[in-house]
Amino acid sequence: MHALAIQQLQKTYKNGFHALKGIDLKVEEGDFFALLGPNGAGKTTLIGILSSLVMKTSGRISVFGKDLDTEPEAVKSCIGLVPQEFNFSVFDKVLEVTTTEAGYHGLPKKLALERAEKYLKQLDLWDKRKVTPRMLSGGMKRRLMIARALVHEPKLLILDEPTAGVDIEIRHTMWQFLRKINQQGTTIILTTHYLEEAEDLCRNIAIINNGHIIENTRMSELLGQLQLETFVFYLQKPLFKTPDLPEYDPLLVDETTLELSLRESQTMNDLFDRLSNQGIKVARMRNKRNRLEELFINLIHVNSKK
Amino acid sequence: MANGYIAFKTILLKEISRFTRVWIQTLLPPGITTLLYFLIFGHVMGARIGLMHGVSYIEYIAPGLVMMNVISNAYANTSSSFLQAKFFRSIEELLAAPVSNNIILAGFIMGGVIRGLAVAVVVTTVALCFTNIHVMHPIVTLITVLLTAALFSIAGLINAIYAKKFDDISIIPTFILTPLTYLGGVFYSVHLLPGIWPTISLFNPILYFVNLFRYGLLNISDINIYVGFTVLIGMLLSLYIMAWWLIDKGVGIKT
């Protein structure tokens, strides 16, 4: 059974903006799925429709076999939502934020408190349970939104940019946590602007642009499509002239920084041989861009030209 | 069903906690203003007015003052709470949860009713310091206060559904509700009005609610109580259906 199946989903806002232009999408049960796209592509509209915050214009949506039109409450029970914007009740304390959500999902008080304690502890917020969310840091607020979304233990967790504005250490902790939740059986749909996050966590991916799905495949297959990768080489000794490596499109950024591009057919061994032959010693190297980022930019660029 | 009950209880307790947490802003002012009304209109001026329909003036205005506060507080509770939830987007939690429109409405309306009743208790307590109140028709009194509070809770909710800013929920109470309440027979019997004014007053729905409540407490009414209940129940059902439809269509809360 699919965790999510979307057929011909359309959304036109009252001002005439056609945000979604016939989306078809399937997400397997247990998947960790990336939904990527530039700003304004339609990701948040799509998530809004899935979580019943935005009215669709047409199309069908089913979640674990339940139709959103005919069984909206059954669908809502399956979904946990972590929205992009903070939307806490201003006067509620952290513990109340989670138990209230549990109450909306019909959990009895005792179970609600147990679940709230479980997820607040797992997300390192238990010590903050008696303060209001506005007293929390940005990272803590993001984690609170995750705890709140998980309190009814949904089968499908939708995360709309959950790590936006979160420092790198907390981001990695959140990744570990999300991986664990996914391994325990929760299907996760993630939108993010940190493409290394999507590459690191997700098995399948869809890229949305201008209201259309322009790519929907396995992450490994998509990364396999990468035909050109740019690397940055930090040289041991300064170089005053661009080396004669025309097949690698060399760019001498400064005396000790050289950028070279590798095509799919070229190997790193050949490149290092060529560098050695010219007496160039490499101290360190890195990808100029994350591989998914490279593909993402290419895809959006090609799609925009159509 | 059990899930619905828990969701309803969650919304209701949240609503009650919201207005009791700021009791100085919500429960105390009606007590203070009623005290002033009783002192000025009841005690000082009322003594010169004499009897109204066979009861002292202070006793005559007591039911209207209770009802006036029930109406304004039930309205204010749902309008401010729902708009606040829209403004801070916490309404999204509720819309994304498996909570039916009827449960959402029931939770907010009951929150307004409880505030209305709490204020009624405060105002009645103040009234008891000035006059004796004997409940002549307890069932009529109870049904009237409950249904009136429910009606104005729904009205406040509808106002908040359409409201885009906090100013939008003060316009109707200030420019419509307050004048209608003052002209709705709280301080006088419409039979005392000259010319066509008693007839015009019959178009003011608050006249019916105030008189129903006054009938419940004092057995005095300017209107037929069956007509009063028909108006009350008719308006209640109409506004409930309207509120349900607005929430179902996502007016003001979904895009």
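Modeller: Let's start with a strand pair: Glu229(A) has Leu262(A) as its bridge partner in E13(A). Keep in mind that this is a predicted model.

Biologist: How do you know that E11(A) and E13(A) count as paired strands?

Modeller: Pairing takes at least two bridges, and seven join E11 (residues 228-235) to E13 (residues 257-263) in chain A. The two strands therefore count as a pair, and they run antiparallel.

Biologist: Which residue of E14(A) is the bridge partner of Val232(A)?

Modeller: That's Arg286(A). Five bridges join E11(A) to E14 (residues 282-287) of chain A, again antiparallel.

Biologist: What makes H3(A) oblique to H4(A)?

Modeller: Their axes cross at roughly 130°. Roughly perpendicular ends at 115 degrees and roughly antiparallel starts over 145, so H3(A) is oblique to H4(A). The axes come within 9 Å, and the crossing is right-handed.

Biologist: Which residues make that contact?

Modeller: From H3(A), they include Val94(A), Leu95(A) and Ala102(A), and from H4(A), Leu113(A), Tyr119(A) and Leu120(A) are among them. By class, the contact has eight nonpolar residues, three polar and one charged.

Biologist: Now the six-stranded sheet in chain A. Why are E6(A) and E10(A) called edge strands?

Modeller: Each of them, E6 (79-82) and E10 (212-218) of chain A, pairs on one side only. The sheet is open, with the order E6-E7-E8-E3-E9-E10 and mixed pairing. From one strand to the next, the twist averages 15°.

Biologist: Over to the partner chain. How many residues are in contact between chains A and B?

Modeller: 25 of chain A with 23 of chain B. On chain A's side, H3(A) gives the most, with four residues. That side has 12 nonpolar, nine polar and four charged residues.

Biologist: What confidence does the predictor give the complex?

Modeller: An ipTM of 0.87 and a pTM of 0.85. Chain B averages a pLDDT of 91, and 99% of the residues score at least 70.

Technical notes:
Residues are numbered from 1 along each chain as its sequence is written. Chains are lettered from A and ligands numbered from 1 in the order in which they are written. This is a predicted model: local features need pLDDT of at least 70, side-chain atom pairs count only at pLDDT 80 or more; totals for chains, interfaces and linings use all residues. Two residues are in contact if their C-beta atoms, placed from the backbone, lie within 7 Å. Ala, Val, Leu, Ile, Met, Phe, Trp, Tyr, Cys and Pro count as nonpolar, Asp, Glu, Lys and Arg as charged, and the others, Gly among them, as polar. pLDDT is the predictor's confidence in each residue, from 0 to 100. Axes are lines fitted to C-alpha atoms, for helices over the stretch in contact, and angles run from 0 to 180 degrees between N-to-C directions. Angles under 35 degrees count as roughly parallel, over 145 as roughly antiparallel, 65 to 115 as roughly perpendicular and the rest as oblique. A crossing is left-handed if the near helix is turned anticlockwise from the far one by less than a right angle, and right-handed if clockwise.
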